[in-house]
Amino acid sequence: MNDILRALFDDDYNITPKRDKKQRELDETLCAEWNKVRDALSVEFVDYLLTLEAERSDRQNFWYYQAGFRLGAQLMLEALGD
């Protein structure tokens, strides 16, 4: 427990999960497909789509983080209550 608290305090705690082999393969395939889209349309259009997707993903990831934090707080209150 102290190691996690120290990592959080020092801002060294990394919550990013490691990608497994299948995830890496999917990333490579997706990148190849985006290259085809870029070649068929334009770099500007693909950049625009990727910017929109990044913003959407960022908002969704924050929502998941926020929901997880609330769940953790509720579990702690339940464990410490009564």
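Which residue forms a salt bridge with Asp 39, and how far apart are the closest N and O atoms? In this predicted model, the partner of Asp 39 is Arg 38, and the closest N and O atoms of the salt bridge are 3.2 Å apart. Asp 39 is exposed, with a relative accessible area of 58%, whereas Arg 38 is partly exposed, with a value of 32%.

**Overall form**

The chain holds 3 helices and 0 strands, and from the N terminus on its elements run α-α-α. The radius of gyration of the chain is 19 Å, well over the 12 Å that the globule rule gives for 82 residues, so the chain is more spread out than a compact globule. Taken along the principal axes, the box filled by the C-alpha atoms is roughly 60 × 25 × 25 Å. Of the 82 residues in the chain, buried residues make up 2%. The chain exposes about 8000 Å², and carbon and sulfur atoms supply 58% of this area.

At the start of α2, a side-chain oxygen of Asp 20 reaches to within 3.3 Å of the backbone nitrogen of Lys 22.

The structure holds 4 salt bridges, among them the pair described at the opening, Asp 39 with Arg 38, and two others that are listed here together with it.

| Salt bridge | N to O distance |
|---|---|
| Asp 27 and Arg 19 | 2.1 Å |
| Glu 33 and Lys 36 | 3.1 Å |
| Asp 39 and Arg 38 | 3.2 Å |

Asp 27, whose side chain meets that of Arg 19, is partly exposed, with a relative accessible area of 35%, and Arg 19 is likewise partly exposed, with a value of 44%. Glu 33 and Lys 36 both lie in helix α2, 3 residues apart, which is about one turn of the helix. An α-helix has 3.6 residues a turn, so residues three or four places apart point the same way. In this pair, Glu 33 is partly exposed at a relative accessible area of 37%, while Lys 36 counts as exposed at 51%. The cut-off for the exposed class is over 50% relative accessible area, so the 51% of Lys 36 places this residue among the exposed ones.

**Helices α1 and α3 and the nonpolar patch**

A nonpolar surface patch of about 900 Å² is made by Ile 4, Leu 5, Leu 8, Tyr 13, Ile 15, Phe 62, Tyr 65 and Phe 69. Helix α1, residues 2-9, and helix α3, residues 43-80, each supply at least two residues of the patch. One of the patch residues, Leu 8, lies in helix α1 and is partly exposed, with a relative accessible area of 49%.

The C-alpha atoms of Ala 79 and Val 43, which are 36 residues apart along the chain, are separated by 53 Å.

Note on methods: Residues are numbered from 1 along each chain as its sequence is written. This is a predicted model: local features need pLDDT of at least 70, side-chain atom pairs count only at pLDDT 80 or more; totals for chains, interfaces and linings use all residues. Side-chain values use heavy atoms; hydrogens and water are left out. Patches are made of residues with over 30% relative accessible area and no salt bridge: like charges are joined within 9 Å, nonpolar side chains (Val, Leu, Ile, Met, Phe, Trp, Tyr) within 5 Å. Accessible areas come from the Shrake-Rupley method with a 1.4 Å probe; for residues, only the protein chains shown count as cover. Helices (H or I, at least four residues) and strands (E, at least two) are DSSP runs, numbered from the N terminus. Buried means under 20% relative accessible area, exposed over 50%, partly exposed in between (1.4 Å probe, protein chains only). A polar contact is a pair of N or O atoms within 3.5 Å; within protein, one must be able to donate a hydrogen and the other to accept it, and residues adjacent in sequence count only if both atoms are side-chain atoms. The radius of gyration is taken over C-alpha atoms; the globule rule is 2.2 Å times the number of residues to the power 0.38.
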